[in-house]
Amino acid sequence: INSKGWQNLYVLEDGGEIRQITEGFSAWKNPSWTPQGILVSSDQIDGTDLYGVYLVDPKSGRSRLIVSPELTHDNLLEATSIDPLHEIFLRSSNGSGQQIYRWRPETGLQKITFVKTQLLQPTVIQGKKTNELYSLGLEKGRYRLVRIPEAVWLDEKAPSNTKVIPRHPWSPPSPALAVNPFPRSEIQSYRSFKGTGVRIEDLAAFFSSGSIFGLSGTVSDLMRDYIVSAEVLSLGGSGVNNASLFVTSERGRSTWTLGAYTTRQTRLDAIFDDDVARVYDYREYGLLGGLQYPLGAYQFITATLRMGGARRDNFSDGAVVESWNSVNPGTELLFSPSIGFGFDQIQYELYTGPIRGFGFLIEAQTDYFPGRSYASERLRLDIAQYEQLWGRTLLAIQGLAGTSFNLTDGTDFRNPFLVSSDDIFRAYSFGDDRLRGNYLLGVKSELRFPVGELFGFEPLRGIVAVDYGSIWRKLSSIRDGVTSSWSTGLAFNIPPVSMSFLVSQPVQVSRGPMDSSVLHFTLRYLYL
């Protein structure tokens, strides 16, 4: 479509040159290649929005009318053919819904299908003995690919259009009604948020076991060039843990994010080298900048930089709190760059969420405190494979691994892991101190299957799951953190909300897991 609003045909040459082959105010819809030329629908001789089927020479742009608008009764045809001079199949609303018609010079237009819903996008494929006709058919609210064998074709003459179709291009009846073209000097560039209004993308809340709740909202400009997002998160009823406000630019190939954040986490202490688990509150606030760049259709790299202040307090062991406070005088400066590489080929279904495909994310994060010349590293791998067995029944296999370690000698302030037992290691209740560690290795397998279809509630599905893994503090104590469980329950997705109820039974493989069943409940937004 050019600046005048005219729609024409263009050909992309082998060398990358784009060549325009038609000219004028007529519209051209649904072009398809044939050995004889481009088969396309157009309204070029019609003042009543009716389209005929034309054959266009891709070299000269000359068009030849094959099926007259007087026969089609439609304003947006889809036509297909192997030999358009002798036989054309097309979709038309010629008096009886969206049906498939066949045109031949000797018989004219004939209706060959009759369905109560609609058939769209006919496609003909040359077979060994006869041509095969395929289409998209609407059945029970879903489009399905259907084959229409010649044995079931109807042979019904299509009625002609009784409208009088003028055989000349349309022109305004008087100069007073003519629309003046916009001078190029008056065409204004698009300006985000100025004169276009604000698009509310989502306003969401979620709640899960452990008294976790969160609020989030996202707005953007009309074309989604810029996205503004805000989030507030509380963990375990301890007040606001995380809050953020970010602005994201998606105007080009790269995605940029800038914003401010504050976060509070309960971290595992590693200063005192003994078997006692001690924790403290880690508070961080500052500015964040991020970049995501696609390397291809499914691969991408990410890079972020956090700059701000960090503070540690509320140490859990009063017996040694004075010694601990002596090495934590107050707020200190932090620089934290991270880089990641991801692959995402996972496909989603409305009620199931992820249904097939493979994806992984590798991420490395460095924390550097210049005031004490201390640096630590955190490596993480997330991987997932979804296999669709049949229908909405699928097998999900997910794994994760991570390690955190010091890069410099001295005080140990590495960034440990905290696992959400609502997702894996379900033998523990949410927030259990044994879910914290410097090293992490785990795998989870889930069989997800529809159960709501038995009584007309499609979003409801059943889950049977098994998980196994370990989260531990020292390299020599991997067996101390081993845990496994099997779980069963129900979940349902009503986009954009996902809810699940699971009962997990610990398997006693080592000390740590509970002896009784554990209940897990989640209410989340957009399958997070």
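**Exercise 1. Name the residues linked in a network of salt bridges.**

Solution. The model is predicted. In it, salt bridges link Arg-142, Glu-349, Arg-392, Glu-453 and Glu-458 in a network. Across the whole structure, a search gives 26 salt bridges. Two members of the network, Arg-392 and Glu-458, also line the largest cavity.

**Exercise 2. Describe the largest cavity by volume, strands and residue class.**

Solution. Start with the count: the whole structure holds three cavities of 30 Å³ or more. The largest has a volume of about 50 Å³. Next, the strands. S29 (439-450) and S30 (460-472) each supply at least two lining residues. S29 gives the most, with three. Last, the classes. The lining has five nonpolar, one polar and four charged residues. Arg-448 is one of the lining residues.

**Exercise 3. Find the salt-bridge partner of Arg-448, and decide whether the pair is buried or exposed.**

Solution. The partner is Glu-446, at 2.9 Å from N to O. Both residues are buried.

**Exercise 4. Work out which parts of the chain the Arg-312 and Glu-332 pair ties together.**

Solution. First, the contact: the closest N and O atoms of this salt bridge are 2.5 Å apart. Arg-312 sits in strand S21 (residues 299-313) and Glu-332 in strand S22 (residues 332-344), so the bridge ties together parts 20 residues apart in sequence. Then, the accessibility. Buried means under 20% relative accessible area. Arg-312 has 6%, so it is buried. Glu-332 has 12%, so it is buried.

**Exercise 5. Classify Arg-19 and Glu-13 by accessibility.**

Solution. These residues form a salt bridge, with closest N and O atoms 2.6 Å apart. Arg-19 is partly exposed, at 24% relative accessibility. Glu-13 is partly exposed at 29%.

Definitions and conventions: Residues are numbered from 1 along each chain as its sequence is written. This is a predicted model: local features need pLDDT of at least 70, side-chain atom pairs count only at pLDDT 80 or more; totals for chains, interfaces and linings use all residues. Side-chain values use heavy atoms; hydrogens and water are left out. On a 1 Å grid over the protein atoms alone, a cavity is a set of points where a 1.4 Å probe fits but cannot get out, and a pocket is an open set with protein on both sides within 12 Å along at least five of seven lines; lining residues have an atom within 4 Å of a point. Grid points are joined across faces, edges and corners, and a volume is the space filled by probe spheres set on the points. Helices (H or I, at least four residues) and strands (E, at least two) are DSSP runs, numbered from the N terminus. Ala, Val, Leu, Ile, Met, Phe, Trp, Tyr, Cys and Pro count as nonpolar, Asp, Glu, Lys and Arg as charged, and the others, Gly among them, as polar. A salt bridge is a side-chain nitrogen of Lys or Arg within 4 Å of a carboxyl oxygen of Asp or Glu. Buried means under 20% relative accessible area, exposed over 50%, partly exposed in between (1.4 Å probe, protein chains only).
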